[in-house]
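Trainee: Can you walk me through this one? I'd like to start with the overall picture and then go into details.

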Amino acid sequence: SAWMATYIPTDSASWKKLQQFGTPEAQAAVQTQFDTLRNDILTQTGVDVVKDMQPWMGSVMLALLPSSGTAESPENSNLLCVVGIKDKLKAALFERQVKAKPSGKITEQQYQGITISEIAAPDGKTYSSAVLGDYWLVAPKTEIIQQAIDTWKGKPSFAEQPDAAKVLQAGVQVDNPLAQIYIVGPDKLTQPTPENEAAKEGIGSIESIAAGVGVNDRGLHLKATTQFDPAASLPQIPASSGKAIDRFPADTIAFFNTQGIGQAWSELVAQADKDANAQIVVDRTRSTLRQANLDADRVFGWMDGESAIGIIPSKAGVLATVGFGGAIVLETSDR
């Protein structure tokens with residue numbers, strides 16, 4: 001019943017390759033944030049991630065499941081964490097160490113021959129865990145662990161869903177992946193209400209989404225692929241020509257381009273007639289531009305070609321303190 005799974009490899013090679021990028025100041029800032037997060041975990045749980053977990057911990061997968069058998073919104077979803085065990089002896093010592101800490105009450109129960117430990121922390125929060133073969137499972141509710149055990153024992157899994165199998169087989173195809181995310185049935189993100197029924201119908205045409213971030217010799221590589229229902233009626237947006245990139249200098253930090261903003265605006269305006277959420281976006285956009293004495297329909301109407309935004313280093317003028325500035329290129333057939 002899971003609708004999203006995220007895979008995070010702990011292979012040090014990919015993460016070490018990431019460390020070669022950025023200035024020493026940026027690297028120090030990232031390390032400071034990581035140390036703060038690690039210390040927070042240590043304070044709340046008494047577990048040192050590096051000392052207690054890293055020696056035995058393999059790759060990690062996070063899955064979101066509905067809190068019942070029906071599709072629900074993300075905020076009502078339950079998180080299942082599956083941690084690979086690469087050293088069973090050290091993992092057993094870790095489990096014994098956690099149970100020995102007087103930081104909460106621990107109760108155990110048997111489910112299909114598997115021991116499930118439920119830990120009640122002093123702050124009132126509880127979580128359950130179990131070991132299944134080479135994996136350590138953690139979830140906020142025992143029922144989630146039980147569902148995982150049922151799957152391990154032979155019930156249908158996320159990977160066996162037709163849409164999931166298709167997207168998992170294709171993968172995200174990035175070098176040295178740092179994280180991979182797979183979403184099946186994104187329409188589960190939207191609750192059916194009269195106001196957003198049209199939006200839900202549009203999202204319903206999406207079968208799955210796969211996204212990933214990796215690291216190569218030039219930096220971070222982010223990629224996302226959306227698989228649509230072949231029978232869905234989709235707007236025909238022309239592919240970007242990619243010519244605008246020639247207008248930006250070689251040291252450009254980031255570059256984004258698209259095609260046909262005018263067409264996209266026209267379709268959004270048409271959608272607003274039957275979708276309250278789209279109408280809100282249209283009204284706010286028109287209101288914002290009206291404050292600058294601009295007509296949104298006329299502004300976007302002539303943007304029928306390629307549009308591009310670039311982030312460019314700058315050490316002069318008012319941008320010196322920031323270190324970069326931006327440039328926009330808009331192509332049109334209507335001068």
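Mentor: Start with contacts, meaning heavy atoms within 4.5 Å. Among contacts between residues at least 6 apart in sequence, 58% join residues at least 24 apart. This is a predicted model: local features need pLDDT of at least 70, side-chain atom pairs count only at pLDDT 80 or more, and totals for chains, interfaces and linings use all residues. Residues are numbered from 1 along each chain as its sequence is written, and side-chain values use heavy atoms, with hydrogens and water left out.

Trainee: How many helices and strands are there in the protein?

Mentor: The protein has 10 helices and 13 strands. They are DSSP runs, numbered from the N terminus: helices are H or I with at least four residues, strands are E with at least two.

Trainee: And what share of the residues is buried?

Mentor: Buried residues make up 30% of the 335. Buried means under 20% relative accessible area, exposed over 50%, and partly exposed in between, with a 1.4 Å probe and protein chains only.

Trainee: Let's do aromatics. How many aromatic pairs are there?

Mentor: Five aromatic pairs. Rings of Phe, Tyr and Trp (its six-membered ring) pair if their centres lie within 6.5 Å; planes under 30 degrees apart count as stacked, over 60 as edge-to-face and the rest as tilted. One of the pairs is Trp 56 with Trp 136, edge-to-face, at 5.6 Å centre to centre and 75° between the planes.

Trainee: Which parts of the chain does that pair tie together?

Mentor: Trp 56 lies in the loop between α3 (49-53) and β2 (57-65), and Trp 136 in strand β7 (residues 135-139), so the pair ties together parts 80 residues apart in sequence.

Trainee: Are Trp 56 and Trp 136 buried or exposed?

Mentor: Both are buried. Trp 136 counts as buried because its relative accessibility is 17%. Phe 94 also forms an edge-to-face pair with Trp 136, at 5.6 Å centre to centre and 85° between the planes. Trp 56, Phe 94 and Trp 136 form one aromatic cluster.

Trainee: Why does Phe 94 count as buried?

Mentor: Because its relative accessibility is 5%.

Trainee: New topic. What do the buried residues of α5 pack against?

Mentor: Strands β2, β3 (78-85), β4 (105-111), β5 (114-120), β6 (126-132) and β7. Helix α5 covers residues 142-152, and its buried residues include Ile 144, Ile 145, Ala 148 and Ile 149. Gly 154 follows α5, with a positive phi near 135°.

Trainee: Last one. Where is Ser 208?

Mentor: In strand β9 (residues 206-216). Ser 208 counts as buried because its relative accessibility is 3%. Leaving aside neighbours within four places in sequence, Ser 208 has contacts that include Asp 163, Ile 183 and Thr 225.
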